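We will start at a single residue and then widen the view.

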Amino acid sequence: MARRKPKGAQQLQRRQPLREPYDRVLIVCEGTVTEPAYFRGMKEHYGLSTANIAITPASGQDPSTVVRHARRLADDERKLGEKFDRVYCVFDRDEHANFEGASEQIRASGFCSARSWPCFEYWLLLHYEYRRNPFLAGGDKTAAQHCTTALVRKMPAYTKGAQGVFQKLQGRLDDALNRAERARRDAEATGSDNPSTEVHSLVEYLRNIKRRGN
């Protein structure tokens, strides 16, 4: 008769997801709901392992907090003898005074950025249309709020923290990737980032991550 594993070992084995033979990635988001829900939806759609893809909100909602939280989690992994192959910091330009400083911290840490000007909703808007007219603060709204309003015109059911956003937009993903790449090229050529995004680089990476591991 085969020896039965101790109960504690059996529970541990059940709790630990299986690591797959592709990159381990940490994604730290400024937003506590919208961005993590989007990337978790993507992870589920492509069948990516929880052991490989870690998605977490930062403990405070500003860019510098995102980078500090990412550093802390990456350092904790190294202390355990593990590592992430890539670490992504996801945050908005919005009206953050420390945006440029946080961007420098990302470069100094060797992390990857997935920034959006003015906000993550611009990435979602690109699933419907290409736009490079800037979003500006005006009236009683910030630039990010105006961007969200533009998205809602195309996607009336959208609200901050909405679930299932990736699944609803997945059929438009190729168009969004192409538009985002076009917007970044134009932003670099003109020296004007508003509006543009780097989120497409992270999305493209995750979409192809299994092929990268083969």
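This is a predicted model. Begin with S192, in the loop between α8 (173-190) and β5 (196-197). Is S192 buried, exposed or something in between? The relative accessible area of S192 is 32%. Buried means under 20% and exposed means over 50%, so S192 counts as partly exposed.

Now see what S192 touches. Set aside its neighbours within four places in sequence, and S192 is in contact with R132 and A187. R132 is 60 residues away from S192 along the chain. Yet the C-alpha atoms of S192 and R132 are separated by 9.5 Å.

The peptide bond that joins N194 and P195 is cis, with omega at about -5°. Another cis bond joins W117 and P118, where omega is about 0°. P118 lies in the loop between β4 (112-117) and α5 (121-125). Why pick these bonds out? Most residues other than glycine have a negative phi, and most peptide bonds are trans.

D94 is not a glycine, but its phi is positive, near 40°. Find D94 in the loop between β3 (86-92) and α4 (99-109). D94 is partly exposed, with a relative accessible area of 32%.

E82 sits in the loop between α3 (63-79) and β3. E82 is partly exposed, at a relative accessible area of 31%. Beyond its neighbours within four places in sequence, E82 is in contact with R19, R24 and E77. Of these, take R24: 58 residues separate R24 from E82 along the chain, and their C-alpha atoms are 9.7 Å apart.

Next comes Q163, in the loop between α6 and α7 (165-169). Even so, Q163 has contacts. Leaving aside neighbours within four places in sequence, the contacts of Q163 are V33, A37 and K168. Q163 and A37 are 126 residues apart in sequence, but 6.3 Å apart in space, C-alpha to C-alpha.

Now go inside. In soluble globular proteins, nonpolar side chains tend to be buried together. The largest nonpolar core in this model has 43 residues. Which residues have the most contacts inside that core? They are I27, Y38, F39 and W123. Take F39 and follow its contacts. Apart from neighbours within four places in sequence, F39 is in contact with I27, C29, I55, V90, F120, V199, L202, V203 and L206. A second, separate core has 16 residues, and V28, V67, A70 and F91 are included in it.

Next, look for empty space. Rolling a probe the size of a water molecule over the atoms shows where empty space is left. The largest pocket holds about 290 Å³ of space. How many residues line the largest pocket? There are 18, and the closest to its centre are E30, G31, Q61, D92 and K160. Two or more lining residues come from each of α2 (34-45) and α6 (143-154). The largest share is from α6, with 3 residues. Sorted by class, the lining has 3 nonpolar, 9 polar and 6 charged residues.

Finally, step back to the whole chain. It has 10 helices and 5 strands.

Of the 214 residues, 46% count as buried. Now take the contacts in the chain with a separation of 6 or more: 76% of them link residues 24 or more positions apart.

Definitions and conventions. Residues are numbered from 1 along each chain as its sequence is written. This is a predicted model: local features need pLDDT of at least 70, side-chain atom pairs count only at pLDDT 80 or more; totals for chains, interfaces and linings use all residues. Side-chain values use heavy atoms; hydrogens and water are left out. Helices (H or I, at least four residues) and strands (E, at least two) are DSSP runs, numbered from the N terminus. Buried means under 20% relative accessible area, exposed over 50%, partly exposed in between (1.4 Å probe, protein chains only). Contact means heavy atoms within 4.5 Å. A nonpolar core is a set of buried Ala, Val, Leu, Ile, Met, Phe, Trp, Tyr and Cys residues joined through side-chain atoms within 4.5 Å. On a 1 Å grid over the protein atoms alone, a cavity is a set of points where a 1.4 Å probe fits but cannot get out, and a pocket is an open set with protein on both sides within 12 Å along at least five of seven lines; lining residues have an atom within 4 Å of a point. Grid points are joined across faces, edges and corners, and a volume is the space filled by probe spheres set on the points. Ala, Val, Leu, Ile, Met, Phe, Trp, Tyr, Cys and Pro count as nonpolar, Asp, Glu, Lys and Arg as charged, and the others, Gly among them, as polar.
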